[in-house]
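Subject: Structure for you to look over

Dear colleague,

I am passing on the structure we spoke about, with the sequence alongside. Please open it first, and then read the notes that follow.

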Amino acid sequence: MPHIELPEPDVGVLRRLPILIEGLKSRVGQDLLIVDEDGRRAYETDAFTAYRRVPMLVVLPRTTEEVSKILKYCHENDVKVIPRGAGTSLCGGSLPTEDAIVLCISKMNRVIEIDYANRLARLEAGITNLQITAEVAAGGFFYAPDPSSQLACTLAGNLAMNSGGAHCLKYGVTTHNVLGVKMVLIDGTVVEIGGSALERNGYDLLSLVIGSEGQLGVITEATVKLVPSPEGARPMMIGFRSPEAAGSCVSAIIAAGIIPVAIEYMDHAAIEVCEAFAGAGYPLDAEALLIVEVEGSEAEIGILLGRIAEIAARFDPKTVQISSDADQSARIWAGRKAAFGAIGRISDYLCMDGTIPLAQLPHALTRISQICAEYGLKVANIFHAGDGNLHPLILYDANSPEEAERAELAGEAILKLCVELGGCLTGEHGVGIEKRELMTTQFTPTDLAVQMRIKTVFDPTWRLNPAKVFPLAITNVMRAGDAASTPEAA
Amino acid sequence: MIARFAREKRGIEVVGHGALRNTGRVATADVVLTTSGLKGVTLYEPTELVMSARSGTPIYEIESILAARGQMLSFEPVDLGPATGAPGGALSIGGVFATNFSGSRRISAGSARDNLLGVRAVNGRGELFKSGGRVMKNVAGLDVARGLTGSWGTLAVMTEVTFKVAPLPQTMQTLAFVGLPDDLAIEALNIAMATPLEISGAVHLPKNCVDRLKVPKLKGVGQSLTLLRLETFATSIDERREKLKVALKVYGKPIELDAEDTFSLWSEFRTLSMMPFSTETSLWRISTLPTKAPEIVAAIQKFMDVVAFYDWSGALIWLEVPAAADAGAADVRRAVAVRGGHATLIRAEPEIRNTVEVFEPLKPEIERLTRGIKSAFDPSGLLNRGRMYANF
Ligand SMILES: Cc1cc2nc3c(=O)[nH]c(=O)nc-3n(C[C@H](O)[C@H](O)[C@H](O)COP(=O)(O)OP(=O)(O)OC[C@H]3O[C@@H](n4cnc5c(N)ncnc54)[C@H](O)[C@@H]3O)c2cc1C
Ligand SMILES: Cc1cc2nc3c(=O)[nH]c(=O)nc-3n(C[C@H](O)[C@H](O)[C@H](O)COP(=O)(O)OP(=O)(O)OC[C@H]3O[C@@H](n4cnc5c(N)ncnc54)[C@H](O)[C@@H]3O)c2cc1C
C-alpha cells in the first residue's frame, strides 16, 4: 500500500461541479473542457505512477487570456487548480486531486519570437524542451537544459521544477537559462516577471517562481537564453574497479582546472542494463563507469580528452575509451539518456533524486546498498557526478503493494542519508507529494515558514497545486483559513 | 540582535563595509548594523568548486584564498567603492550578493545570483533561516536564496553565503577593434558572442571613455575601442583568437593584447576606474537588450554630454551624465522606457537620490507582489527602510 496521504476530496465542490462546468463553458467555451471520465482519466497521474486521482475537470486553454479567465473563475468559486504540462513529473508534482481542475497548457506551444541578434527566444510555455532546440538549431544555437525526458516534457514543467540535465555542469539548470516569464496569478492577474534584459528590476521574483512547482501561478510564456552550439563534442568512457577510484578521478579532473560539459557516473547494475539496451560499448566488467564529455574544435577536444585520460590513468582504470565516431557518441548518450527507460523494461523502479557532496560518493553508495538490502530490494545508481546529483533507482514489483511500500521506505531512508551527508532531498525532480513530508529533515519550521509566506503572497488562499511541496499538516492549516496570518516560527 | 530591534520596532540600516553606502536611496534608520564583524571562510572544497563565507568577509580576502588554489569568483564582482566615493577593496561578499553586481565575465559565467548556492540570513522578524545548500543542484522548496539577491538588505541580513567558484583560466588575450561607431561595435560584439569561442568579456568604449583608460598600450589610441576577451587553455587560445579575427574580419584589424595587458585592462573595468567619483557628474546603470543599447545612449546624448561604457555585449550600460537637479532621470527613464530595460541611479548627491526614483519604478501588479514579499520578510519595515523604494 502506497503510504503517502492524499487529502479527502471536498464534497461541496464536487456537488457544485455541474454549475462550475456551465460557468467555465460560458467564459471560455466548451471546446477547452474535458468532462467525460475517459478523457479525464488520461490526466489521473504523472510519471510517479503509484498514485492516481481522476480530476473532476480538465481544461486545455490556448491563450494567456483564457488561462486568466479560468483562474479568475476558480478563484471566485473556491476551486483548486493543478497546473500541468506533459505530466512527466517523477514526484507527483502534477498529480490531480479529485476536487480540482487540471489546467493543462500543452496546447500553448507556439514560438512567439526568435531573436538571434540578442540570443533569446520567446515561447509559449507548453512547447516541449526538445522543440525549442529544434527551432533554433538552424541558427547555430540551442536551449541548454536537457532533461532526459526532453522529447515530452514542457518548458512550463521545466520552469516549475527548475529542471536540469546531463549537460548542466557547464550550462547550468533552468534557472540559469531563463530571462523572464508571463504568469497568471490565481485571481487572474497577468504579470510579467523578469523580461528580456539580463538583469532583473527590483526583487528577483523570477528566482522565486522558477522551481516553485506550480505553487505561485500558472506560467504561460517564457523568454529563454539561446546558447551557441559548440563546434563539436565528444564523450569518453572510463571504467573503474571501485566507486572510490571513479570519485577521486572526478575530483582530480576538476582540480586540474578542467570543467567538462558532463561527467556522468553509472554503477555496475546500471552499466549492464544500459549496455543491453543501447549497445554503446560500455565496459561490462567495470564496477563504475564515467562518461566524460568535452566540447570545442577537433584539436581542442583531442587535447582535453588526452589530458583527462592521463588523469584517469592515475586511478588504475580497467578501460579508457574515447568515442571513435559520431555514431558511437550518439550511442553512448542514448544509453545514458535511456537509462530510466532501459531499467523500466526489466523492473518497476522508484527514481530517487538526492544530492551529495562529491567526496561522500563512496560512502553514500555503500550506505545505499545497505539500505536497499535491509529492505530486500535491488538498486542501480546513476549520478550526475560533476554536480553531486545522485539517482538511485530502487527496483521493485509494482504488483506487490507490500514491496511498493518497502521501496518507498527505502527511498525515504536514502534521501535522509543525502541530507545527513550535506546534500539535499532533490537536485532536479522536485518535491511534489513524494518528498513533501521529508521537507522537515532538510528545513527547520522557520525555513519552511519563510517559504510558505512567499506562497501566501502569490496565492493567498492556497488554491494552486494543493497538498504538495510542504508537509500536509501545515498546508491544511494554511488552507483552513489563516493563510494570511503567517505561521509562528519555532 | 535583530530580534531585539524587531521587538523595539527600531529601523535598521544594514551595511557591509561601506563600499556602496552612497548608492541607492538613503535608508532611514535608528541603528546601523554592520556585518564587518562576521568574517571568515567557513568551507572551501576546491574539487567541488564550492565555498562558504561569513557575509562580512572582504571580497579581496576571498579572492586571494581562491587564487592560492588556482580558482576565482567567475562572476568577477564589480567594486563600485571608488566610483561612489568610498574606498576600494572594501566590498563584502554579503554586499556582492545583496546587490547582485557582477562584472564583465557575467556574459559567459553568469551573475553573482547565478553562482549563489545557499544562504543563512536573519529577516526583519529576527528569525534566522537558511535556504539552498552547498551542492550545485537543489530544488527542494522555493529558491529563497537567489530570491534575496538584488534586494539590497531590505528583506534579510545574510550572515553566511555559499557560492560556486571556478578554475582560473590558464591564459587570456584581448582583441581590440579600433574606431567603430557604437552601433557597429555592438553588432560586432554580438557576432562574436554567437560563435562557440566562449568569449568571456565583450565591452565597447566610445572615444571619450577610452581617453580615461590607464593601460599604456591603449591609452593614447584616441578612438573608440571594441574589446573581446578570450580566456582558455594555453593550447587553445591562439586557435580561438585566429577564428575570432576571421569572424570579425569586416570590422578591421584589431590590436592584440597579451595576458598581462588583458589582466590590467579588465581590472580597470572591475572598479569602473574610467568613471571616478566626482560631484560634477552622476552615474547610471542601465540593463537592456544589446541591440537597443546604442539607441538608448544616442537618445540621451541629445540632451546632455555623456560618457558611456557598454559591457556584456551591450546588455549593460554604465552611463556618466552631468550632475543636474534630477541627475538626468527624466531623459534617461524616457529613453529606456520606449526601448525596453531598466535604469538604476548609482551615484548622485544624497538629496537627489532621495527625490528621484533610484530604482526603475515598478508596474502596479509587480509593486503589489514586491510589497507583499517585503512584508512577508520584514512586516514592520525595519530593514533598510526606504533604501530601494520611498514608501517601504
Ligand atoms: C524518463 C524520465 C526522465 C527524466 N529525466 C529528467 C532529467 O534528466 N532532469 C530533470 O530535471 N527531470 C527529469 N525528469 C522529470 C520531469 O521530466 C521534469 O520534472 C519535467 O520538467 C516535467 O515537465 P512536464 O511538462 O512533464 O511537467 P508536469 O509533470 O506536467 O508538471 C511538473 C510540475 O510543474 C507544474 N506545472 C506544469 N505546468 C505549469 C505551468 N504552466 N505553470 C506553473 N506550474 C506548472 C506542475 O504543477 C508540476 O508541479 C524525467 C522524467 C522522466 C519520466
Ligand atoms: C565598525 C564600524 C562601525 C561603523 N559605524 C557606523 C555608524 O554608526 N554610522 C554610520 O553611518 N556608519 C558607520 N560605519 C560606516 C559604515 O559601516 C559603512 O559606510 C558601511 O559599511 C557601508 O555599507 P554598504 O551597505 O554601503 O556596503 P556594502 O557592503 O557594499 O552593501 C551594499 C548593499 O548590500 C547590503 N548588504 C551588505 N551586506 C549585507 C548582508 N550581509 N545581508 C544583506 N544585505 C547586505 C547593504 O544593506 C547595502 O544595501 C561604520 C563602519 C565600521 C567598520
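Between domain 2 of chain B and domain 3 of chain B, seven residue pairs are in polar contact, counting pairs in which both residues have pLDDT 80 or more; please keep in mind throughout that this is a predicted model. On the side of domain 2 of chain B that touches domain 3 of chain B, helix 7, strand 11 (199-205) and helix 8 (207-210) of chain B each supply at least two residues, and the largest share, six residues, comes from helix 7 of chain B. Sorted by class, that side of domain 2 of chain B has nine nonpolar, three polar and three charged residues.

The rule finds one salt bridge across the interface of these two domains of chain B, and Glu320(B) forms a salt bridge with Arg212(B) in which the closest N and O atoms are 3.0 Å apart. In terms of area, domain 2 of chain B and domain 3 of chain B bury about 1,100 Å² between them, with 60% of it on carbon and sulfur atoms. The contact joins 15 residues of domain 2 of chain B to 13 residues of domain 3 of chain B, and the C-alpha centres of the two domains lie 23 Å apart. For orientation, the assignment divides chain B into domain 1 (2-167), domain 2 (171-270) and domain 3 (281-353).

Turning to the interface of the two chains, 73 residues from chain B and 88 residues from chain A take part in the contact. Chain B and chain A bury about 6,500 Å² between them, 58% of it on carbon and sulfur atoms, and within chain B the residues that lose the most area to chain A are Lys137(B), Val139(B) and Leu142(B), together 13% of what that side buries.

The polar side of the chain interface comprises ten salt bridges by the rule and 29 residue pairs in polar contact, again with both residues at pLDDT 80 or more. Several elements of chain B each supply at least two residues of the side that touches chain A, among them helix 7 (182-193), helix 10 (234-247), strand 14 (281-287) and helix 15 (364-377). Helix 15 of chain B gives the largest share of that side, ten residues, while by class the side of chain B that touches chain A has 29 nonpolar, 22 polar and 22 charged residues.

Chain A is assigned domain 1 (11-104), domain 2 (111-228), domain 3 (233-339), domain 4 (347-437) and domain 5 (438-480). The C-alpha centres of domain 1 of chain A and domain 2 of chain A lie 23 Å apart, and 16 residues of domain 1 of chain A are in contact with 17 residues of domain 2 of chain A. These two domains of chain A bury about 1,200 Å² between them, 74% of it on carbon and sulfur atoms; across their interface the rule finds zero salt bridges, and two residue pairs are in polar contact with both residues at pLDDT 80 or more. On the side of domain 1 of chain A that touches domain 2 of chain A, helix 4 (64-76) and strand 3 (80-84) of chain A are the elements that give two or more residues, with helix 4 of chain A giving the most, six residues. The residues of that side divide into seven nonpolar, seven polar and two charged.

Finally, a detail within chain A concerns helix 10 (residues 268-278), whose buried residues are Ala270(A), Ile271(A), Val273(A), Cys274(A), Glu275(A) and Ala278(A). Their cover includes strand 13 (262-267), strand 14 (288-295), helix 12 (326-337), helix 13 (339-346) and strand 17 (378-384) of chain A, and just after helix 10 of chain A, Gly279(A) takes a positive phi of about 55 degrees.

With best wishes

Technical notes
Residues numbered from 1 in each chain as written. Chains lettered and ligands numbered in written order. Predicted model: local features only at pLDDT ≥ 70, side-chain atom pairs only at ≥ 80, totals over all residues. Heavy atoms only, no water. Contact = heavy atoms within 4.5 Å. Buried area = accessible area lost by both parts, 1.4 Å probe. Salt bridge = Lys/Arg side-chain N within 4 Å of Asp/Glu carboxyl O. Polar contact = N/O pair within 3.5 Å; in protein donor to acceptor, adjacent residues only side chain to side chain. Helix = DSSP H or I, 4+ residues; strand = E, 2+ residues; numbered from the N terminus. Nonpolar A, V, L, I, M, F, W, Y, C, P; charged D, E, K, R; others polar. Domains from an automatic or database assignment. Buried < 20%, exposed > 50% of the residue type's maximum accessible area, 1.4 Å probe, protein only.
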